[in-house]
Amino acid sequence: MAIPLSPADERRRAGLRRMRLLATGLLLLAAVIFLLTLESDGALGFVNAAAEAAMVGAMADWFAVTALFRHPLGIPIPHTALVLRRKSELGRSLQEFIVDRFLTEQIARDRLAAFGPMTRVGRWLGVPENQARLTREVIGGGRSLLLRIPDEQVHAFAADVVLPRLAKEPVSELAGDLLEAVVRDRAHSGLVDLAASEIHGWLVDNPDVFKAIVGERAPWWTPTWVDDRVIDWTYNQAVRWIADIRADPHHPTRNALDAMLMRLADDLQNSPDVQNRAEALKERLLSHPQVPDSIVSLWQAGRKSLLAMADDPQSQLYVRGQEWAGEFGERLLADEALRGRLESLLGDALAWLVRNYGTDIASAISYTIDGWDGADASRRIELHVGRDLQFIRINGTIVGALVGLAIHTVVVLIS
């Protein structure tokens, strides 16, 4: 697989070329000085010795650097072109190095703690533009997800997964326990208030309808004026009774309803007969062919409403989303305990990911390198590290000259 060069690679190539010219230029300069001072004595002898050693050092380091990526002068000398020949082995070695030295649980946790992600998130959410951006992204993603879920899949999921599972799962005891908790905490009082208010409002607004319904059930043999008196009395009593229920939180009717619900809750938890009847009713209800269609209808209605709000930037979905984002950001900055819990959970998740999939993640290195063409891989790696390796050639030239000068000095002193 050939590797295309990016603009950054082109810049690296230009830098590598400059450093090569500099290192080669020093080698040529040493060669010229060596030739000009050949067989010279005195001070020029020291210069000649330094130039000779500089050439040796430069050539040795040129060979070492070049042998990493290609055969020097195209000659297939053993143990040269190491990257080209051992590309896959280098990839696996790099993978093992990454796994052993970087993808460890402790390093992942330490780096995450040093990064302080929750503090950064809190600061980021403190900017109104970021709150709006996050809201748009979340709503946009949710909108795309809603559009990608066809009604057929919702129907199939409800009919094949949800409803059969609910039909097999005993719910009587759970329902009884839930009903007992609702009644004990009076969580149903609001629903009773709503029902009483609606019934009272309907009675006040529709006296003629009420009287007509009751009048149809009056005996045929009673006089009309008697029926009218009885129906009027019944209507007034019904309105007054519902009004009393609505106004009095401790009305006897409310207490009777609570007692009945508590008995039902107890029977659902402890009476086998009631439990069997409840389970049978549940199974009949869930097995009805119309239930999946009803679930799809509810899904369609909910999706239509959500899509309408998602398409309106001024809807409460956007307004509340931005408010929630801002409030969450403020809490992250103000509540150190919350930040600690979230970062601990994030650290646990990251550690689990590294522990279970670190090797698989790092395997992308060897997999990618295995797919590279050897020559292209060698050139690419040289582009990244070759410029710095040219300093080895430069240092070899300079150090060689100094060593040659020192050796010649020792020889002169001894002789």
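Trainee: In this predicted model, which residue lies over the face of Tyr235?

Mentor: A charge counts as sitting over a ring when, among other conditions, NZ of Lys is within 6 Å of the ring centre. At 5.7 Å from the ring centre of Tyr235, the residue that lies over its face is Lys211.

Trainee: How are the planes of Phe210 and Tyr235 arranged?

Mentor: The search of the whole structure finds 2 aromatic pairs. In the pair of Phe210 and Tyr235 the ring centres are 5.5 Å apart.

Trainee: How many residues apart are Phe210 and Tyr235?

Mentor: Phe210 belongs to helix α11 (residues 207-215), whereas Tyr235 belongs to helix α12 (residues 224-247).

Trainee: Is Tyr235 buried or exposed?

Mentor: Buried means under 20% relative accessible area. Since the relative accessible area of Tyr235 is 11%, Tyr235 is buried.

Trainee: What kind of pair do Trp352 and Tyr357 form?

Mentor: Trp352 is partly exposed at 42% relative accessibility, and Tyr357 is partly exposed at 38%. Their ring centres lie 5.4 Å apart, and with the planes at 70° the pair is edge-to-face.

Trainee: Which residue has its charged end over the ring of Phe115?

Mentor: For Arg, the atom considered is CZ, which has to be within 6 Å of the ring centre. Here the charged end is 4.1 Å from the centre of the Phe115 ring, and the residue is Arg120.

Technical notes:
Residues are numbered from 1 along each chain as its sequence is written. This is a predicted model: local features need pLDDT of at least 70, side-chain atom pairs count only at pLDDT 80 or more; totals for chains, interfaces and linings use all residues. Side-chain values use heavy atoms; hydrogens and water are left out. Rings of Phe, Tyr and Trp (its six-membered ring) pair if their centres lie within 6.5 Å; planes under 30 degrees apart count as stacked, over 60 as edge-to-face and the rest as tilted. Helices (H or I, at least four residues) and strands (E, at least two) are DSSP runs, numbered from the N terminus. Buried means under 20% relative accessible area, exposed over 50%, partly exposed in between (1.4 Å probe, protein chains only). A charge sits over a ring if NZ of Lys or CZ of Arg is within 6 Å of the ring centre and within 35 degrees of the ring normal.
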